[in-house]
Amino acid sequence: MSSEELILSQAQELRRGTVVLACLALLREPQYGYALLETLNDAGITVDGNTLYPLLRRLEKQGLLTSEWNTDESRPRKFYQVSPTGAEVRDGLVREWSDLVASISRLTMEN
């Protein structure tokens, strides 16, 4: 495996856990899955529907998101939004993320 392939593989591992935090951050306002997918991809957080939709269902099952069907348009859409518990978890994850970034920054500057 080339260095480039290893970097891509390891970068994917790094990004995997950040999708949860990104979703909790973006879903302060209700969004449906496809719009969220586009917003994430536009922000440089590459994720596909086969990853995002199961994640949204899991976060809802954990009580971090709420959902509501909108049937006003020709195509029904399920809108997701962060629950009060999800907002608390998001805030805690943001603190953890900030601490982690600071730690990694210190480590990379030392070496």
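## Sheet and helix packing

An open sheet of 3 strands has the order β1-β3-β2, with antiparallel pairing; strands are DSSP runs of E of at least two residues, and helices are H or I runs of at least four, numbered from the N terminus. Two strands pair if DSSP finds at least two bridges between them. β1 (31–32) and β2 (65–70) are the edge strands, each with a single partner, so one side of each has no neighbour in the sheet. Strand β3 (residues 77–82) runs antiparallel to β2 and is joined to it by 6 bridges. Arg-77 in β3 is the bridge partner of Asn-70.

This is a predicted model, where local features need pLDDT of at least 70 and side-chain atom pairs count only at pLDDT 80 or more, while totals for chains, interfaces and linings use all residues. Residues are numbered from 1 along each chain as its sequence is written, and side-chain values use heavy atoms, leaving out hydrogens and water.

Now to the helices. Axes are lines fitted to C-alpha atoms over the stretch in contact, with angles from 0 to 180 degrees between N-to-C directions.

| Helix pair | Axes | Angle |
|---|---|---|
| α2 (residues 18–26) and α4 (residues 49–61) | within 11 Å | roughly 70° |
| α3 (residues 33–42) and α4 | 10 Å apart | about 120° |

α2 is therefore roughly perpendicular (65 to 115 degrees) to α4. Val-19, Val-20 and Cys-23 of α2 touch Leu-52, Leu-55, Arg-58 and Leu-59 of α4, contact meaning heavy atoms within 4.5 Å.

On the α3 side, the contact is made by Gly-33, Tyr-34, Leu-36, Leu-37 and Leu-40 of α3 with Gly-49, Leu-52, Tyr-53 and Leu-56 of α4.

How values were computed: Angles under 35 degrees count as roughly parallel, over 145 as roughly antiparallel, 65 to 115 as roughly perpendicular and the rest as oblique.
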